[in-house]
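Here is a briefing on the fold, sheet by sheet and helix by helix. Please keep the sequence and the 3D view open while reading.

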Amino acid sequence: MPTTKLTELVEELADCDPKERIEMLLDYARSLPALPERFADLRGPENRVEECQSPIFLFAEKSPEGVSWFADVPLEAPTVRGFVSLLWEGTQGASVEQLTSLSYDVIGQAGLKEILGMQRMNGLVGVLRRLKKVVSETAAS
Amino acid sequence: MSAQNYSDPSVLVSAEWVHEHLNDPSVKVVESSGDALLYPMAHIPGAVKIDWHNDLQDQTVRDYIANDVFENLCQKNGISNDTTVVFYGDDNNWWACYAFWAFKLKGHTNCKILNGGRKYWVETAKLPTTPEVPSYPATSYKVPADLDWRELRVFREGVLEHVKASLPLVDVRSPKEYSGERTHMEGYPEEGVLRGGHIPGALSCPWSRAVGDDGRFKTAEELRAIYEQELHLKPTDDVVAYCRIGERSSLTWFVLKYLLGYQKVRNYDGSWTEWGNVVGVPIVKGALP
């Protein structure tokens, strides 16, 4: 069950031509919020997305609404950074259930496969899987 | 470069050398990165983008583009037959080495790798980048008529003969892929293989071991310690390198052929996505060859 916001953002991306889509993804990549300082020292193998070549870290913590999540993605990995930023923006205010039931189809629905090529999808799938894992573990803790 | 004692140091150029040659019409810088957004975001000034998937691979047949398509690709990117093409990219130049290998398949003579790739250019040398996409006058590129790729590339029948003759193979994938623990990523079984493991007799040596922390290749001594003292390969060996689709093994091919001067080393680009699915070929599971 995706959030309404994420569905809207994904549809907006899908409606663009591939060139515009690249520009939009770069905009997302630029707008990813910095990792809050309190997580900086926790960037270790246990919090890393292992499918990605670049060092990418995801964190979650309990919040009044349920669970909030945060990411650290290098500027030199703009595809993953853009995708993470899209997910982040699209899931603000989302419930734990909405986060943990995010579908892997979102990558295809956003039209990322055609601009990035199939082989590059592994990292994005890894991000999504890791996000669902940290959110469900935090919710259960 | 000579300080590194490479067998053929002419195939590597430094970031500083590239920076000095940005306006040299005989040099064309080509970015080949895995991350498709890197080039549009920012690249070396004057560099063109050649994508390993969208540009170099045929979209219908699992193979590299036909010669006339390659000619067209070079023509529109301002590359002539005598152009010095310098490849660089992300992921420690693994895609750049793949593009280098593909250009060699098509007979391009003067190919070089920017040592350290994007990582070294951006993070260590801190040299300029730009989002501006250049355009160049079209050339009249021609693929040579006497093209012979047999010293560069091997197909599965050749690999099977190689295995039967007990000749050395190097599997450059991660240890989990080598042992067969991992066959595909969750959600994308279409990218996977039916069986996990490796080609019988193949030695495991992940590609990234050839590269140092700053993205540049290790010295010849450090490389020999890995490939010769650890893996017991010799420069006179007939070696086949493979990975999942032949990209990571292009980097190992480059290292063995040019940096260590191996006389016969070929890339098996069918790699595990072919071997792991083929009817009638043997595999081995686990951490040992």
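**Strand pairing and helix packing**

Strand 1 of chain B pairs with strand 5 (residues 111-114) of chain B in the parallel sense, over 2 bridges. Within that pairing, B:Val13 has B:Leu114 of strand 5 as its bridge partner. The model is a predicted one.

- Strand 2 of chain B runs parallel to strand 4 of chain B, and 5 bridges join them. B:Glu31 stands opposite B:Tyr88 in strand 4 of chain B.
- Strand 2 of chain B also runs parallel to strand 3 of chain B, joined by 2 bridges. Here B:Val30 has B:Val48 in strand 3 as its bridge partner.
- How many of the 5 residues of strand 2 of chain B are buried? The count is 4 of the 5, so strand 2 is largely enclosed by the rest of the structure.

**The sheet of 4 strands in chain B**

- Another open sheet in chain B has 4 strands in the order 7-6-8-9, with parallel pairing.
- Strand 7 (203-204) and strand 9 (264-267) of chain B are the edge strands, and each pairs on one side only.
- Strand 6 (residues 169-171) and strand 8 (residues 238-242) of chain B pair in the parallel sense over 3 bridges. B:Asp171 stands opposite B:Tyr242 in strand 8 of chain B.
- Helix 9 (residues 248-259) of chain B packs on this sheet, touching strand 6, strand 8 and strand 9 of chain B. Its direction makes about 170 degrees with that of strand 9.

**Helix against helix**

- Two packed helices are described by the angle between their axes and the distance between the axes.
- Helix 4 (residues 94-105) and helix 9 of chain B pack at an angle of about 70 degrees, with their axes 7 Å apart. Helix 4 and helix 9 of chain B are therefore roughly perpendicular to each other.
- From helix 4 of chain B, the contact uses B:Trp94, B:Cys97, B:Tyr98, B:Phe100 and B:Trp101. They meet B:Arg248, B:Ser250, B:Leu251, B:Trp253 and B:Phe254 in helix 9 of chain B.
- By class, this contact of helix 4 with helix 9 of chain B has 8 nonpolar, 1 polar and 1 charged residues.
- In chain A, the axes of helix 1 (residues 4-14) and helix 3 (residues 78-90) come within 7 Å and cross at roughly 140 degrees. That makes helix 1 of chain A oblique to helix 3 of chain A.
- A:Lys5, A:Leu6 and A:Leu9 of helix 1 of chain A make this contact with A:Leu86, A:Glu89 and A:Gly90 of helix 3 of chain A.
- The classes in the contact of helix 1 with helix 3 of chain A are 3 nonpolar, 1 polar and 2 charged residues.

**Chain B overall**

- Chain B has 10 helices and 9 strands. Its radius of gyration is 19 Å, close to the 19 Å that the globule rule gives for 289 residues, so chain B is as compact as a globular protein of that length.
- The C-alpha trace of chain B spans about 50 × 45 × 40 Å along its principal axes.
- Of the 289 residues of chain B, 43% count as buried.
- Among contacts in chain B with a separation of 6 or more, 76% involve residues 24 or more positions apart.

**Backbone points to check**

- Phi of B:Asn5 is near 60 degrees, a positive value in a residue other than glycine. B:Asn5 sits in the segment before strand 1 of chain B. B:Asn5 is partly exposed, with 14 other C-beta atoms within 10 Å.
- B:Lys126 is not a glycine either, yet has a positive phi of about 50 degrees. B:Lys126 lies in the loop between helix 5 (117-124) and helix 6 (156-164) of chain B.
- Is B:Lys126 buried or exposed? With 10 C-beta neighbours inside 10 Å, B:Lys126 counts as exposed.

Definitions and conventions:
Residues numbered from 1 in each chain as written. Chains lettered and ligands numbered in written order. Predicted model: local features only at pLDDT ≥ 70, side-chain atom pairs only at ≥ 80, totals over all residues. Rg over C-alpha atoms; globule rule 2.2 N^0.38 Å. Buried ≥ 20, exposed ≤ 12 C-beta atoms within 10 Å, placed from the backbone. Contact = placed C-beta atoms within 7 Å. Pairing = 2+ DSSP bridges. Axes fitted to C-alpha atoms, helices over the stretch in contact; angles between N-to-C directions. Parallel < 35°, antiparallel > 145°, perpendicular 65-115°, else oblique. Nonpolar A, V, L, I, M, F, W, Y, C, P; charged D, E, K, R; others polar.
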